[in-house]
Amino acid sequence: MSEKTKVGVIGAGNISEQHIKAYLSNPNVELYAICDRNEERAKAKAAKHQVKNVYFNHLDLLNDPEVEAVSICTWNNSHAPISIDALRAGKHVLVEKPLCMTVEEALRVEEAVRQSGKVLQVGFVRRYGDNTQILKQFIDNGDLGDIYYAKASCIRRLGNPGGWFADKDRSGGGPLIDLGVHVIDLCWYLMGKPKVKSISGNTYARLGNRANVKNHAFYKASDYDPNLNTVEDLANAIIRFENGASLVVDVSFTLHAKQNEISVKLYGEKGGAEIEPEFAVVSEKYDTIFNLQPQVNKLTFDFAKGFQNEINHFIEACQGRKETLSPVEDGLEIMKMLCGIYESAAKGTEITIR
Ligand SMILES: NC(=O)c1ccc[n+]([C@@H]2O[C@H](COP(=O)([O-])OP(=O)(O)OC[C@H]3O[C@@H](n4cnc5c(N)ncnc54)[C@H](O)[C@@H]3O)[C@@H](O)[C@H]2O)c1
């Protein structure tokens, strides 16, 4: 392998910008190629960042023997097929969250990773946040004791991004698979990745995308189109784990909530912690309760720093210097939870996971 890893970015929409900036800031990377099925977007992105090689089909990029690693920043329905193609072509893969759309797809990607021996890192970017890693040290050193309860919320009052995000065939679902994936993963990772036992979930499609609302800006897909919307607008769930711990979650694209909200909280026998909306650790010492406020640059998730950490870690993994923090096996477990919530909601009953 050359000293600098040659990277191709597949999918040149919104999130690719974070990947590209982080690759450009990493001295061990040559940003070698950009690919998007939208030719204009691919060319514009390549021109903006002075990337010489532009492709309009991921197979052409993968056929280029110079490419050693790829970021997959496309719609969710292409995550599994492009990951498998890339692994078979001998490339390392950083695939955006969610790993894919179904458990069956996740199993196929896992098999391809095993056969190729290449690195696949799932884009669980919040694991790579500085505050997450600080909190992980508290947890690993037993400061929170046994964590038996976690609670996560990611509420957008108005924030269905439209386009492919709202088309279940291309996204696999709405706020649960798009936003829930982050907060569920963060809790599960910090809880020590316990094995899931059962899930009870609900989904609602009551408000639609509320494209009628004026005077309130929100995040939109690169090809924003409010006319199609086949995804839920709210999901909630309780996940039970084999070790007795439980996780409660709710997420929305649209909801008559007073404000947007993100919260991720964990509770153990010796202490608790909040990673969102503001990093804090709660502890008891000498019969007194303490709320410890870390003196860090940002008490909430630093998006740019999180992506930089994630991409630096990926490159170190590609170069054989580190194990990835978010391997395919974890992507598979998270798919079981997401799909389990959808299944439970569709059946209207609790389901067990094997
Ligand atoms: N980690 C995060 O915090 C985060 C944030 C936003 C989006 N994402 C993920 O990133 C991915 C992309 O989201 P986005 O917001 O950038 O969407 P986007 O609509 O802005 O961009 C997606 C791009 O992918 C291209 N594309 C789709 N299928 C393709 C294919 N088969 N080959 C080549 N190009 C293809 C589209 O033309 C489009 O330009 C999604 O999986 C999303 O879940 C992650």
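Let's start at a strand pairing: S198 has T352 of β15 as its bridge partner. The two strands involved, β8 (residues 196–204) and β15 (residues 351–352), pair in the antiparallel sense over two bridges; strands count as paired if DSSP finds at least two bridges between them.

A word on what you are looking at. This is a predicted model, in which local features need pLDDT of at least 70 and side-chain atom pairs count only at pLDDT 80 or more, while totals for chains, interfaces and linings use all residues. Residues are numbered from 1 along each chain as its sequence is written.

Now step back to the whole protein. It holds 10 helices and 15 strands, which are DSSP runs numbered from the N terminus (helices: H or I, at least four residues; strands: E, at least two). The C-alpha trace spans about 60 × 50 × 40 Å along its principal axes. A compact globule of 354 residues would have a radius of gyration near 20 Å, and the protein agrees with its 20 Å; this radius is taken over C-alpha atoms, and the globule rule is 2.2 Å times the number of residues to the power 0.38. Of the 354 residues, 50% count as buried, meaning that 20 or more other C-beta atoms, placed from the backbone, lie within 10 Å of a residue's own.

The protein is divided into domain 1 (5–126 + 308–326) and domain 2 (127–300 + 333–352), with bounds from an automatic or database domain assignment. Their centres, taken over C-alpha atoms, are 25 Å apart. The contact between them takes 22 residues from domain 1 and 19 residues from domain 2; residues are in contact if their C-beta atoms, placed from the backbone, lie within 7 Å. On the domain 1 side, α5 (103–116) and α9 are the elements that give two or more residues, and the largest share, three residues, comes from α9.

Next, find the open sheet of six strands, with the order β3-β2-β1-β4-β5-β6 and parallel pairing. Because β3 (53–55) and β6 (120–123) stand at the edges with a single partner strand each, one side of each is left without a neighbour in the sheet. Neighbouring strands are turned by 20° against each other on average, direction ignored. Within this sheet, β1 (residues 5–10) and β4 (residues 69–72) pair over four bridges, and I10 has I72 in β4 as its bridge partner. Helix α4 (residues 79–88) packs on the sheet, touching β1, β4, β5 (92–96) and β6, and its direction makes about 170° with that of β5. Such angles run from 0 to 180 degrees between N-to-C directions, with axes fitted to C-alpha atoms, for helices over the stretch in contact. Helix α9 (residues 303–318) lies across β1, β2 (29–35), β4, β5 and β6, running at about 170° to β6.

Finally, look inside. A nonpolar core is a set of buried Ala, Val, Leu, Ile, Met, Phe, Trp, Tyr and Cys residues joined through C-beta atoms within 7 Å. Of the 99 residues in the largest one, V109, A152, V183, I184, C187, L338 and I341 touch the most other members. Helix α8 (residues 175–190) gives the most to this core, with 10 residues. Both domain 1 and domain 2 give residues to this core, so it lies between them.

Notes: A residue is buried if 20 or more other C-beta atoms lie within 10 Å of its own, exposed if 12 or fewer, and partly exposed in between; C-beta atoms are placed from the backbone. Two residues are in contact if their C-beta atoms, placed from the backbone, lie within 7 Å.
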